[in-house]
Amino acid sequence: MKIYISATLRKFFASTAQIEIPASTPRKALAILLDMYPDAKKILYDEKNSIRSFIRIYINGDNSSIDVLWDSVLPEETEILLLPAIAGGAPENAPVESLITDDRRKAVSFDDSEIERFGKHLMLKEIGVKGQKRIRAAKVVVAGAGALGSPVIQYLAAAGVGTIKVIDFDEVSLSNLQSQVLYGNRDVKRPKVASARDKVKNIDKNIVFEGEKLKLDADNIANQIDGYDLVIDCTDNYKARYLINDACALIGIPLVFGAIYQYEGQVGIFNLNGGPCYRCQFPSPPPAGLIPSCSEGGSISPLPGIIGSIQANEALKLILGIGEHLNGKILTVDSLYLQSRILKVHRNGNCPICGNHPTITQVENFDYEEFCGLKENENAAPIEGFTPEELAKRIDNDDPITIVDVREPHERAILRFPKAIVIPIGQLARRQGELDPNKDVIFVCKEGKRSILAINTLREAGYKGPLYNLKGGIDAMKDLIFSHEGAWL
Amino acid sequence: MKIELSKKASEQMDLAANRAYPDECCGILLGKVDENAEKGYVEVLEAREATNQIQGRRKKSHFEMDPLFLYQVEREIEGSGLEVIGIFHSHPDCKAVFSEEDIKYMVPGLVYTVLSVTKEGVIETCSSYRKNR
């Protein structure tokens, strides 16, 4: 094979421009070349023995085929080009300019009561009257009015953000009150956006509040966020997170991201001034069912207050153009052991949304359900399930069934499922001998999602007996009353 | 190492940076290396503008050159006495300093020049090279 070495790399190959190497595959050819010029090894490969980011290898003028051709036997006249990748970007840590233009700032005026209201901001030299006007001119979207949205919305309102749009499809439930400090007992069953409006208007009636009671989707997201300065992601699921990131990246709106899980939280800023996006760090979500959402996994009450407050603080800094911020970084906070870290996120040149050659150019054309594993896999055997009513009937009839509870011990302490045997998901494959393959086995968990994972795990482990899922989990079953055992659950 | 930019190369780079503004421009530096001089001496004689292959809004803060363009230029200047000695690009409305991403892609021994350009024109030029990995 012929190998051409770019002039830019030649000094590591004793100035050789072209060399003929008798080898059958590109891998062997390169190995022989590096035996001849051992100095070049550290230029082509990094410490982990992967090809360095600045090296591009072409085979007969084609760069896309090298990944599959490494070990292919190629004809003698094949030409391999060793070229540098030539790329770069503007510094990401450049001081941010305010998201609000001077013209928009100058259009704002304050009356006496507002000067008094925002006095503590006006005292800060980095904010002052000019900064407060920027805050007033800002238009911010808060996606999700739950645990994170509660502090975010209230602090944005208190700080005087001029336009706050809140998007949430849900209504307040009793279980929300443990962490969603925007709401109280009297809000239960009200739409969250309605209660959020009351709260915001009660703080500052001059704020323009836009409430949207809807579920964000690929078809509606662009309309919802276009024209706003900033989006704050306060959602609790991967589908929404990727959808919001992608739409922000495509439209060009900076995103303040936040997430919580049990005792830990994360905050980051994406899509700002050519910085990385959420996908650069997390190219794909974990398999569906593996990580419980907040509603299933739980979280300690003040945690969203901590994380949401940091999100609101980052949002204000972006609006003001002051300080250092989390652009291209993720702050992680562990509230149980009081540790926090800042992780650097690098822009990924191959990112499908913000890379150099993006493949996702419209959110409408991307299947988020499938990407997040929310669609039923057509190739996998479908998972059969019982509704709570059906299961109750079978228990009533004393049918020969086995019920397996895959919940954690502390969850079972909340609500016991009598007559169920307990096998954690991690032990299922090993303990499958405890199940009778001649009996129907029904898996139960809190919401009916981990039980699906349990069934798939058992099937993969080769279990042949009939497996069923309790649809909606114990949450859906707890309202049922059995005919002969009133307080059965 | 001493790096000297010729007037012609500077003008060619400024032109490319201004023309591409508010996007980033990029290109190849051609010149001569005098390895006998003390600590090395590089003379940049010519700047060839390349196409910035980034599409869309990201072009304002990123650049990527087709490696095959470099290959063509290398082939073209064979035997002319000129050598490919480096790469230039611009940072629109941003300082002439190398970003982490720039450094990640630097090939040791090449000269890298970055130009800070605003709508008023090029305001700062910085040249540098990476000694080793």
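## A tour from chain B to chain A

Select helix 1 (residues 7-20) of chain B: helix 1 lies across strand 1, strand 2 (26-34), strand 3 (41-50), strand 5, strand 6 and strand 7 of chain B, running at about 30° to strand 3 of chain B. Helices (H or I, at least four residues) and strands (E, at least two) are DSSP runs, numbered from the N terminus. Axes are lines fitted to C-alpha atoms, for helices over the stretch in contact, and angles run from 0 to 180 degrees between N-to-C directions. Two residues are in contact if their C-beta atoms, placed from the backbone, lie within 7 Å.

A word on the model before moving on. This is a predicted model, in which local features need pLDDT of at least 70, side-chain atom pairs count only at pLDDT 80 or more, and totals for chains, interfaces and linings use all residues. Residues are numbered from 1 along each chain as its sequence is written, while chains are lettered from A and ligands numbered from 1 in the order in which they are written.

**Stop 1: the sheet of chain B.** Show the strands of chain B. Six of them form an open sheet with mixed pairing, in the order 1-3-2-5-6-7; two strands pair if DSSP finds at least two bridges between them. Strand 1 (2-5) and strand 7 (121-129) of chain B are the edges, each with a single partner strand, so one side of each has no neighbour in the sheet. From one strand to the next, the twist averages 30°.

Now pick strand 5 (residues 83-92) and strand 6 (residues 111-118) of chain B. They pair in the parallel sense over seven bridges. Zoom to B:H91; opposite, in strand 6 of chain B, stands B:S116.

**Stop 2: chain B as a whole.** Zoom out. Chain B has three helices and seven strands. Read from the N terminus, they run β-α-β-β-β-α-β-α-β-β. The C-alpha trace of chain B spans about 45 × 30 × 30 Å along its principal axes. Of its 133 residues, 42% count as buried, meaning that 20 or more other C-beta atoms lie within 10 Å of a residue's own, with C-beta atoms placed from the backbone.

**Stop 3: the contact between the chains.** Select both sides. Chain A contributes 28 residues and chain B contributes 35 residues. On chain A, helix 2 (41-44), strand 4 (79-84) and strand 5 (86-89) each supply at least two residues. Strand 5 of chain A gives the most, with four residues.

Which strand of chain B is joined to strand 5 of chain A? Strand 4 (residues 62-65) of chain B is, through four bridges, and the two run antiparallel. Click A:I86 to find its bridge partner, B:M65, in strand 4 of chain B.

**Stop 4: strand 3 of chain A.** Select residues 55-59 of chain A. The covered face of strand 3 holds A:I55, A:I57 and A:I59, and the uncovered one A:R56 and A:Y58. Five bridges join strand 3 to strand 4 of chain A, and they run antiparallel. A:R56 stands opposite A:L83 in strand 4 of chain A.

**Stop 5: helix 8 of chain A.** Select residues 149-159 of chain A. Nine of the eleven residues of helix 8 are buried, so it is largely enclosed by the rest of the structure. Among them are A:V152, A:I153 and A:L156. Show the surroundings next: the buried residues of helix 8 pack against elements of chain A including helix 7 (128-137), strand 6 (139-143) and helix 14 (303-320).

Definitions and conventions: A residue is buried if 20 or more other C-beta atoms lie within 10 Å of its own, exposed if 12 or fewer, and partly exposed in between; C-beta atoms are placed from the backbone.
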